[in-house]
Structure formats: C-alpha cells, structure tokens
Amino acid sequence: RVSQWRESGRAALRAGKHLQPEGEVQVALLPRPWDSQCGTGSRVGLGSVGVVPPVCGGQGDSHPLMMAAAGPACVLGIDLGTTSVKAALVTGTERGPALARSCSRETQAHSDSPGAAPQGMEQDVQKIIRALNECLAALPQEQLQQVTHIGISGQMHGVVFWKSDKGCRWSESGTGPAFEPDKVSHLVTWQDGRCSPTFLTSLPLPQSHVSLATGFGCATVFWYSKNSPDFLKAYDAAGTIQDYVVAMLCDLKKPLMSVQNAASWGYFNCRNKSWNTDILKKSSFPVHLLPEVGDPGSIAGRTTSAWHGIPKGAKVGIALGDFQCSVYSCLTERTDAVLNISTSAQLTISMPLGFQPPEAPDPSSAVTYFPYFSGDYLAVAASLNGGNVLATFVGMVAQWAQELGFQVQESAIYPRIIQAALAQKHSKLSVHPTIFGERHLPELLASVSSIGASELSLGHVTRALCRGLVENLCSMLPVQHLEELGVRRVLGSGSALARNEVLRQEVERIFPFPVVYGKDVDAAVGAAMVMFHSK
C-alpha cells in the first residue's frame, strides 16, 4: 500500500498534476481538514476524484453545504505573499468544496529603505494592491458576483502603517469598484534586518512563548519609536498587509488582527490572548497602534462596497497567517506531518488537543509553536535552508564553469546534476547544508565531511546535499518525536520537492512513514476553506 501511494504520487509529479494551471478547473475535491471544533476527532476524507464544474450556488436548499450552516456556496480566498498575490474561487458542490478558478500575479513590490538601508526590506503597498486588483479582474465576473464570504491570508510578522480615515481611495475600474492605498506607509516585511541583535537585547523581555526577532511587527515599531519617532506620528493604525486589506474592505476604524498574526508580531500572550501592554507602556511603546485581536476563523465584518463584482455585504474573515492557511489546505488528519520544501523548508505536526506552549520563549529551540485554529497549535521546524541551497549550489557550478571558460545556463545544470545523483544510490559524503544559518543558530554555517577520493563526482555531492537538507530538518524535529506524537504519514509538498526525484528518495529513506506527494500547499485555498468550515 505504501509503494502504491508513493508511485501514484510520483506519477502525478511526472505528469505535472501537482500544479494547478491558472484559470483551469480543479479535477479533485478539496480535503476537509480535521475538525477540532466538534471535539470528536472526526475526519472527512478526500472523497472521489472527478471533474467539478466551475459553478457557484444554484443547488437549492437541499445542497449539503447549505444545510446546518455548514458553509457558503462560493468563497474567495486571497493570499498576499512575499513575492506574489493569489486569488482562488472555491465553490460548493454535492461532494464538498472544490477549487473552481485561481489566478496569481507577481507583485514586484520591493522598495528602497532609506532609513534602514542596507538591512531594511520594504515593499510598496501600492504595487501589492495593484497585483491584487489584477488578480480579481482576471477571475470570472459571474462567479465573483456569487461570492458570499472572503478569506484572506498573507505574509506574517510584517507591519504596515496607515491613517485610519484615509487608508484608501475607492474608484470605478473595468470590473466594478476597487480601492487603492492612500495614506499608507511601505510594508516592512518579515525579511527586514534593521533590528540588530544588540538592538533586540535592549528591548524588554516579552511575556510570550515566541522569541522576538528582527522583522517582527513590534520590534519594527520599537525601532521607529527610537530612531524615527516623527515617522509614526503620521499614522494611527497598523497591522500586517492582510489586516490592512480587511480593514479597507470592511471600513474598520480600528484594525482587527487574528491571534495567528498577533503572535507573529511578538509581545503577545497566546494564553490570555492579549498584548503585553504593561511591559510595552513602560518602554514608551505606542500601544495605540496595536490592533484589536480576535480568533482565527471569525468574521471581521462585511464589505461596505461592491468590489470587482463581489456584492456589498459579503462576509470577510479576520486575516490569517499564510503558514497556517497553507497547512489547512492539505492537512486532513491529526496523524499527518506536513513536509514542505520550497525556497526554505518546514516540517509541521499538529500538537495534541489541549496543548499549551511554554510561557517563556526558548531562543535555542529549533521548534516553534504556531497558533492554529480552535485553540490548537502546530509544532513547526522552520529551516532557512531548502531549495535556496540547491539554487546556490547550481549557481556555484555555473560560476565555476564560467571561470574555466565555459558558458552554461543554470537551467541546463539542474536536470543534469539530478540525473547524476540518481546514478549514485549511496554516498558516504556528509553535507551539513546550513549556508543561511538557522533562526535558533544564526552563526551555524555549512560544512562538508567524510570526503573520500572515490566520492567527489557531481552525482555523489548532489546526493549528499539532498540528504543533508532532509537530515537537517530531522535534526530540528526528530523522527522519534514524530513517532511519539503518533504521526502515521508524511504529506510532501513544495516546488523543490516536486522537481527533484533525488530529494524525494532521501525523504523516503529517512522517514519511516508512508510519504504522500501531490498535495501542494496553497494558502489562498486554505483561507477560503477556513471560511467554508467556520461555524
């Protein structure tokens, strides 16, 4: 049975079925994540596979999704990512929710950070919203007109500031009313590095299970209050980029933030769901900028205007974390672990019911606990080293070739090193691939050991590098710990895993569980599914 799972997954990957073409009809029902709200541990499987017509509603009151307030008939999911924006229309069918249409656009929003260069990492909010408007304009109007709920996720940790009464301007576009940012700052992203270790140690200790880091919203606000206080005087509201969009759609005078995003900002106590206001006030932190906080899955408000054909009065969910929504889009069992290897890499498991994270952070711990839904937590080993390491290796090979007088495109190198590694089933070479360090060990760099004269081929090195990436994740969240928590299978996803058979082989070699491929994570779909399944 395990071999059948793996082979079907490999076949899907070879056929490209792990990728959903933009604007195409999804050919499988979306999974229903395990539902902790019912308290019974019930599960809903994937159901049968079949072509699902891209229609919203129209099934009448007997439709199963319309019964017992189980969910709306048509939901728009949005993810405001670091490099791109995606919108997904999820519709109700007799067999459950299904992806009907999706569209993504690169934001190309990187902007200079005059006050914090070169460590600063900022994005132009105008360009992010422009990409969002382009996505929505590309979706079918007849389906947008039937949207009743909107779920929004986005990049966590970052912060954008705005003037609450002048946050945006509404105007007519080719597909109906749309908004553009007005009195809004740049988005300071999670990648921002202006808060040095020295600066962070000068800040008060948070009463939170999350260690404070540069790029966290509260750390960035502290930086502005100490280095550029006049900057903050121009604004009276702040939030993540997804909180900003929700506030504009619902005309919220005070931003509303989910527990997921609040935890990612720092200085937030997940146990009592409150900011560390006493600690922050003593350090002259502008606490009036802190958003109100609500539970993920709750409704933030309703659209105060039609939006690209979406009717006025559509319910808008409180903004969510992109990581949680990505997991929600594919995690169907509490006994599943999710392995995602894209640019970076994450290994995620759900913690037992009733789990509470420690009251104080442990900066040396490789595992962090992310608030999920219904009071649950995810244990996450989030490595900074994933597909980016392989890309750096390919770039190094290309550079060496160039220095030797040869011109080889990186796109031609990648498939060749994979083929070379496939010919080498074993390698005693040991590669510790942490060229980008890790959050819990920022000074830890890469190393190579057990170098033998017979194992210096490109195939041996590539094989050892792929194995090292998987072993590094398992050193952060050991297999023994997964077994103790009852993990029964691993869901493999991510672009690096999809295109690299050697990496998949090493995953299957190291994990003693069935590995199921083809379940690509999708935060926009996850955000929509949260709206379907929220009560």
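Modeller: Helices here are DSSP runs of H or I with at least four residues, and strands are runs of E with at least two, numbered from the N terminus. On that basis the chain has 17 helices and 26 strands. Please keep in mind that this is a predicted model.

Colleague: Happy to. How much of the chain is buried?

Modeller: Of the 535 residues, 56% are buried, where buried stands for a relative accessible area under 20%. The contacts tell you something about the chain as well: among those between residues at least 6 apart in sequence, 74% join residues at least 24 apart.

Colleague: What makes helix 5 largely enclosed by the rest of the structure?

Modeller: The count of buried residues. Helix 5 covers residues 217–227, and eight of its 11 residues are buried, so the rest of the structure largely encloses it. The buried ones are Gly-217, Cys-218, Ala-219, Thr-220, Val-221, Phe-222, Trp-223 and Tyr-224.

Colleague: And why is strand 2 called mostly covered?

Modeller: Strand 2 spans residues 84–93, and eight of its 10 residues are buried.

Colleague: How do you know which strands pair with strand 2?

Modeller: Pairing asks for at least two bridges found by DSSP. Strand 1 (residues 74–80) pairs with strand 2 in the antiparallel sense over seven bridges, so that pair meets the cut-off. One of the bridges puts Gly-77 together with Ala-88 in strand 2.

Colleague: How many residues lie between the strands in each hairpin?

Modeller: Three residues separate strand 1 from strand 2, while two residues join strand 2 to strand 3.

Colleague: Let's turn to charges. Why is the contact of Arg-194 with Glu-122 called a salt bridge?

Modeller: The rule wants a side-chain nitrogen of Lys or Arg within 4 Å of a carboxyl oxygen of Asp or Glu. For Arg-194 and Glu-122 the closest N and O atoms are 2.8 Å apart, so the pair qualifies. This pair links distant parts of the chain, 72 residues apart: Glu-122 sits in strand 5 (residues 122–123), and Arg-194 in the loop between strand 10 (187–188) and helix 4 (197–201).

Colleague: Are these two partners buried or exposed?

Modeller: Arg-194 has a relative accessible area of 7%, and Glu-122 has 7% as well. Each value is under 20%, so both residues count as buried.

Colleague: What about Lys-233 and Asp-230, buried or exposed?

Modeller: Here the cut-off is over 50%. Lys-233 reaches 64% and Asp-230 reaches 56%, so each counts as exposed. Their side chains form a salt bridge at 3.3 Å, N to O. Both belong to helix 6 (residues 229–233) and lie three residues apart, about one turn of the helix. In an α-helix there are 3.6 residues a turn, so residues three or four places apart point the same way.

Colleague: Which parts does the salt bridge of Lys-273 and Asp-295 tie together?

Modeller: Their side chains meet at 2.8 Å, N to O. Lys-273 is in the loop between strand 13 (268–269) and strand 14 (274–275), and Asp-295 in the loop between strand 15 (292–294) and strand 16 (299–302), so the bridge ties together parts 22 residues apart in sequence. Lys-273, at 46%, and Asp-295, at 39%, are both partly exposed.

Colleague: How many salt bridges does the rule give?

Modeller: The count comes to 13.

Colleague: What can you say about the phi of Tyr-267 and His-308?

Modeller: Tyr-267 has a positive phi of about 55 degrees although it is not a glycine. Tyr-267 lies in the loop between helix 8 (259–265) and strand 13, and with a relative accessible area of 0% it is buried. His-308 has a positive phi near 50 degrees; its place is the loop between strand 16 and strand 17 (315–317), and at 2% it too counts as buried.

Colleague: Finally, which residues line the second largest pocket?

Modeller: There are 18 lining residues, and Phe-393, Met-396, Val-448, Val-461 and Leu-465 lie nearest the centre. The lining divides into 15 nonpolar, three polar and no charged residues. Helix 11 (387–403) gives the largest share, seven residues. The pocket holds about 390 Å³ of space.

Notes
Residues numbered from 1 in each chain as written. Predicted model: local features only at pLDDT ≥ 70, side-chain atom pairs only at ≥ 80, totals over all residues. Heavy atoms only, no water. 1 Å grid on protein atoms, 1.4 Å probe; cavity = no way out; pocket = protein on both sides within 12 Å on 5 of 7 lines; lining within 4 Å. Points joined across faces, edges and corners; volume = space filled by probe spheres on them. Nonpolar A, V, L, I, M, F, W, Y, C, P; charged D, E, K, R; others polar. Buried < 20%, exposed > 50% of the residue type's maximum accessible area, 1.4 Å probe, protein only. Contact = heavy atoms within 4.5 Å.
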